[in-house]
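The exercises below ask the reader to work from the architecture of single sheets to the contacts between domains and chains. Each task is followed by a solution that goes step by step.

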Amino acid sequence: MPWDEALVNRLVYEAPNPAEGRVLSYPKAVNEALAIALRHDPSVFVLGQGVDDPSAMFGTTRGLKEQFGAERVFDTPLSEEAMMGVSTGAAMNGMRPVYMHNRPDFILLAMNQLVTHAAKFHFMDNGQTRVPMVVWAAIGRGWGSGAQHSQAIQGMLLGVPGLKIVMPSTPFDAKGLLLAAIEDNNPVLVFEHRWLMRKDGIVPEGFYTVPLGKGIYRRRGADLTIAGASHTLELALQAANQLAEEGIQAEVIDLRTVKPLDEAIVEESVRKTGRLLAVDTAWAAGGVCAELGCLAAEKWFKHLRGPVRRIGLPDIPAPAGYTLEQFYYPDVGRISRVIREMCAK
Amino acid sequence: MSIRYRYSGTGFTGWGDRARRYDRAFLLRLFRSMLRIRIIEEEIEKRYHEDQMKTPIHLVIGQEATSVGCCAALTDADLLYSSHRTHGNYLAKGGDLKSMLSEMFCRANGCAGSRGGSMHLIDKKVGMAGTSAIVGGAIPIATGAALAARMQKVDRVSVVFLGEAGAEEGVTSESLNFAAVKRLPVIYFCENNHYSVQSPLAPRQSPDRVVWKWAASYGMHSVPVDGTNVLAVYETAKEAVKRAREGGGPTFIEAQVYRFRAHGGAGDDSKTGYRDVAEREAWEAHCPIATYGEFLRGSGMLDAAARKQMESEILAETLAAFDHAMASPNPVEADLYRNVYAS
């Protein structure tokens with residue numbers, strides 16, 4: 001479909017400088033993390049519909065079955081709830097499953113096992129049971145994916161104690177956060193974004209982790225704080241870089257993990273800038289944006305110089321059609337407009 | 001009203017010769033284990049109105065033979081996963097009685113530190129591995145435990161108990177299918193007691209559906225068994241365990257049983273009208289403890305004095321465990337914040 005390719009090719013990411021290290025594509029960074037985990041820890045295994053098929057989950061699982069065998073890298077029946085429970089049961093008994101989905105939409109079929117079982121056993125069994133598992137999915141956007149193949153569900157899961165939620169935005173983080181997630185002794189959701197799969201980055205070789213629950217400054221500035229994760233954070237960073245030419249210096253915080261959420265880094269920045277723009281790949285209501293806004297109102301109110309703003313999705317399901325999609329999703333232009341409004345004297 | 005579901009088994013008729021294959025101590029152990037569950041639950045039931053056990057209870061009275069017969073075929077290393085009706089499973093698997101009662105009394109030294117209550121009894125030392133209070137919830141988890149055993153190359157069988165309503169959940173179909181595909185060492189033990197809470201089978205399953213035959217359609221071994229006959233249950237479970245250990249894959253067992261008490265709480269609730277009191281009374285004539293006790297008496301293995309002795313020993317143990325639980329400390333506020341995330 002040519003219009004698909006046109007849309008993808010329109011994506012512009014800042015090219016990494018090879019002088020700074022090895023350049024790797026996003027899927028290859030994920031692939032490397034999985035291979036390292038499988039090599040170093042015999043309890044790690046990878047499952048999911050299509051993990052061993054020719055498209056290899058955007059390329060992230062390419063070659064793993066050949067390298068580590070069909071016992072440890074395997075395709076599954078279309079049984080999301082059972083496979084989430086099977087992963088939970090295996091994790092409760094010494095294994096470290098990485099259960100991969102093409103889209104978060106399919107995780108909704110498995111909410112009972114994820115929310116009511118995997119997230120609960122450690123507490124319910126008073127610490128006698130651990131559930132070290134990773135649930136991975138790539139958020140869709142565009143390509144006509146529409147209401148049932150584009151959902152970003154982190155907001156629904158934010159209020160579930162026992163879960164951790166990771167949302168990388170760079171190939172470096174995709175590798176390091178995934179390795180940290182696999183090492184973690186709790187159920188960890190890793191939400192990638194399909195559009196980031198086209199991004200290259202500097203990715204060190206070998207094993208390293210990026211700590212869960214810690215955000216990072218992507219850009220420093222004194223005029224406002226932008227906090228968020230994943231693809232929308234990437235867009236916000238692009239907007240912030242452009243607005244520097246207009247004299248607006250935004251501070252951009254990549255949360256990396258939305259649960260647990262690094263409150264300290266956002267507070268540090270808001271104390272300085274007095275303005276907070278919360279961005280997310282999901283609906284603005286009741287999710288990461290809402291939580292950041294609430295924290296600002298509850299804890300950082302006295303530092304605020306203006307109202308908190310949110311850029312997420314409107315309270316509308318994703319449309320499938322190309323034109324409607326352009327109205328639906330935030331882009332660099334819309335983010336820039338909001339930043340200008342916030343910083344207008 | 002009338003009797004909807006009748007006992008269709010033949011009790012211990014013809015079991016005289018078959019039972020002689022086992023030594024007397026083993027046969028008596030099965031009886032004692034069932035009797036112990038009954039006496040403990042009757043004591044729980046007797047005291048429940050005092051409101052000191054602030055936990056929902058789901059008594060297993062009438063269904064003791066399934067837990068006991070099945071667990072007799074397992075080792076401590078084998079894992080048992082359970083539903084909300086946990087008492088029989090926990091005690092038959094060898095779970096600690098004092099820890100169980102402390103949990104029922106919401107004490108800090110309960111088997112789950114008062115996080116679980118009676119629906120989440122756990123004793124990992126003896127393989128009582130976990131439970132789910134969501135119907136069907138533990139089924140994929142036991143399947144995953146079997147997958148782990150396969151991948152770790154350890155000799156460990158997983159068993160999960162479900163009711164016939166568990167066979168109505170989609171996740172059960174999904175799990176059976178996966179276990180059959182992977183030929184996993186897992187046993188699905190279905191206790192068909194004909195009611196889910198107060199809903200009879202009729203609005204839930206077609207009268208033409210036979211649960212164990214449905215399970216067989218996934219490509220696994222599946223068998224029916226008289227759930228009131230502890231020896232029949234034991235032999236069926238033993239064969240399933242052997243199959244699992246030898247790499248022969250999963251087994252589904254459907255046992256016909258009857259719950260003598262309400263779905264939850266103390267006493268029977270047949271009077272409320274969802275089932276005929278006469279139906280319960282008809283099944284009580286096939287009580288697994290009474291019929292097996294009679295069989296042992298007739299075989300000259302258990303006389304009235306020996307049985308009396310057994311009862312008084314169990315009661316003494318039970319009362320001591322109640323005293324222990326009631327004298328145990330409550331949790332403190334700091335306990336609430338522990339073990340939310342694993343370090």
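In what follows, two strands pair if DSSP finds at least two bridges between them. Helices (H or I, at least four residues) and strands (E, at least two) are DSSP runs, numbered from the N terminus. The model is predicted, and local features need pLDDT of at least 70, side-chain atom pairs count only at pLDDT 80 or more, while totals for chains, interfaces and linings use all residues. Residues are numbered from 1 along each chain as its sequence is written, and chains are lettered from A and ligands numbered from 1 in the order in which they are written.

**Exercise 1.** Determine the strand order of the open sheet of 5 strands in chain A, and state which helix packs on β9 of that chain.

Step one: the order is β9-β11-β10-β13-β14 in chain A, and the pairing is mixed. Step two: β9 (216–219) and β14 (309–313) of chain A stand at the edges with a single partner strand each, so one side of each has no neighbour in the sheet. The twist averages 25 degrees from one strand to the next, where axes are lines fitted to C-alpha atoms, for helices over the stretch in contact, and angles run from 0 to 180 degrees between N-to-C directions. Step three: β10 (residues 224–228) and β11 (residues 250–254) of chain A pair in the parallel sense over 5 bridges, and A:A227 stands opposite A:I253 in β11(A). Step four: helix α9 (residues 230–243) of chain A packs on the sheet and touches β9, β10, β11, β13 (276–283) and β14 of chain A, its direction making about 140 degrees with that of β13(A); contact here requires that the C-beta atoms of two residues, placed from the backbone, lie within 7 Å.

**Exercise 2.** Describe how domain 1 and domain 2 of chain A meet.

Step one: domain bounds, which come from an automatic or database domain assignment, divide chain A into domain 1 (2–202) and domain 2 (216–343). Step two: their centres, taken over C-alpha atoms, are separated by 24 Å, and 25 residues of domain 1 of chain A are in contact with 25 residues of domain 2 of chain A. Step three: on the side of domain 1 of chain A that touches domain 2 of chain A, β6(A) gives the most, with 3 residues. By class, that side of domain 1 has 14 nonpolar, 8 polar and 3 charged residues, where Ala, Val, Leu, Ile, Met, Phe, Trp, Tyr, Cys and Pro count as nonpolar, Asp, Glu, Lys and Arg as charged, and the others, Gly among them, as polar.

**Exercise 3.** Characterise the contact between chain A and chain B from the side of chain A.

Step one: the contact takes 34 residues from chain A and 34 residues from chain B. Step two: α4 (80–91), α5 (111–118) and α6 (121–124) of chain A each supply at least two residues of the side that touches chain B, with the largest share, 8 residues, coming from α4(A). Step three: the residues of this side of chain A divide into 11 nonpolar, 19 polar and 4 charged.

**Exercise 4.** Work out the order of the 6 strands in the open sheet of chain B.

Step one: the order is β2-β1-β3-β4-β8-β7 in chain B, with parallel pairing. Step two: β2 (128–131) and β7 (221–226) of chain B stand at the edges, each with a single partner strand. Step three: 6 bridges join β4 (residues 186–192) to β8 (residues 251–256) of chain B, and B:C190 stands opposite B:E254 in β8(B).
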